[in-house]
Amino acid sequence: MTHENLATYANLSLYSAMAVLTLSMLGYAAYLAGWLPARDAVAEPADVEDRELVAAGAGSGTADSRSSDASTSASTDVDAGAEVPLRARKAGGVAQTLALLGTMLLFASAALRGWSVERWPLGNMFEFGVAAALFTMVVFVLGGLRRDLRWLGVFVVAPVLILLGLANTIWYTEAAELMPSLKSIWLVIHVTVATISVGLFAVGFVVALLYLAKDRFGSGSGGLRVLRALPDTRTLERLAYGLHIIAFPLWTFTLIAGAIWARQAWGSYWNWDPKEVWTFIIWVVYAAYLHARVTRGWGRSSATWIAVAGFVCIIVNYAVVNVYFVGQHSYSGL
């Protein structure tokens, strides 16, 4: 099989993955839409009971206590007591299967791309975009094996499809040999770990945004309906924090490995290259988030905004610095 054929099959696998993930996204949307009535049916009686308690016992400490208990019970029961309709369960199951298939097709695309040029498939922006989408889906799919994340599916798969669309249109580069400075084992180590951490940060970013949105617009009976269908704010915030806790050490390793590679390639551990500077900025922002998260006086929502800023820095680093800033890391291939 020629290298040209392998590159063609890699592109076909990528297009197939996009088609499958599109169907998966629609399935997750159908699951969420079918779940909403069941969640509202559980939430509404508790809301009515809560309002009656407040009306009957205004000014009474005992009534206030009972009201608080009812509110807590309502929050818990919405997650545990809502029975997902059969049609929604089927849509969610199909969506999960398609998400797994799409992830496998992305892996096949990356593997075939690397095979076609006989190197690690992380040499330009197009390949990094595919790898970032792959690892984001891997994080989501593996996370779904431990807990029910079907409610998160549409919010993860949609950005992945946007990323793949950008990779296929704006960042696409024909399969070619690496630049001399990239021919190193550190490409496999440094860039792969960076991509895995970006996948974790991406899912954490999505969950963080959902937490902030629900905290601001999804509380109470007057909140946005789709946000009321999500898990409670405490669960969302803890999930976002957990993802960042895993991703941050990987990003720290990325920074250190990059410095070692720079020493081998250019004779210095630090050269104030734009890519190096922005990698360090990202590390500082996420370190600030993790510090604020455990610092007394910082609200959870305020700390989460710092995490959101961290992922914005990642977007700037890869979509702007890689493309428009000239430096030793100018290997976008565009």
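## Surface patch

A patch is built from residues with over 30% relative accessible area and no salt bridge, like charges being joined within 9 Å and nonpolar side chains (Val, Leu, Ile, Met, Phe, Trp, Tyr) within 5 Å. In this predicted model, local features need pLDDT of at least 70 and side-chain atom pairs count only at pLDDT 80 or more, while totals for chains, interfaces and linings use all residues. Residues are numbered from 1 along each chain as its sequence is written, and side-chain values use heavy atoms, with hydrogens and water left out.

Tyr9, Leu12 and Tyr15 make a nonpolar surface patch of about 310 Å². Tyr9 belongs to helix 1 (residues 3-56); helices are DSSP runs of H or I with at least four residues, numbered from the N terminus. Tyr9 counts as partly exposed because its relative accessibility is 39% (buried means under 20% relative accessible area, exposed over 50%, partly exposed in between, with a 1.4 Å probe and protein chains only).

## Salt-bridge network

The whole structure holds five salt bridges, each a side-chain nitrogen of Lys or Arg within 4 Å of a carboxyl oxygen of Asp or Glu. One of them joins Glu127 to Arg113, with the closest N and O atoms 2.8 Å apart. Glu127 lies in helix 4 (residues 125-146) and Arg113 in helix 3 (residues 86-117), so the pair ties together parts 14 residues apart in sequence.

## Link between helices 8 and 10

Arg300 and Glu237 meet in a salt bridge (3.3 Å, N to O). This pair links distant parts of the chain, 63 residues apart: Arg300 in helix 10 (residues 300-324) and Glu237 in helix 8 (residues 233-266). Arg300 is partly exposed at 40% relative accessibility, whereas Glu237 is buried at 3%.

Methods. Areas by Shrake-Rupley, 256 points an atom, 1.4 Å probe, with all protein chains shown as cover. Helix = DSSP H or I, 4+ residues; strand = E, 2+ residues; numbered from the N terminus.
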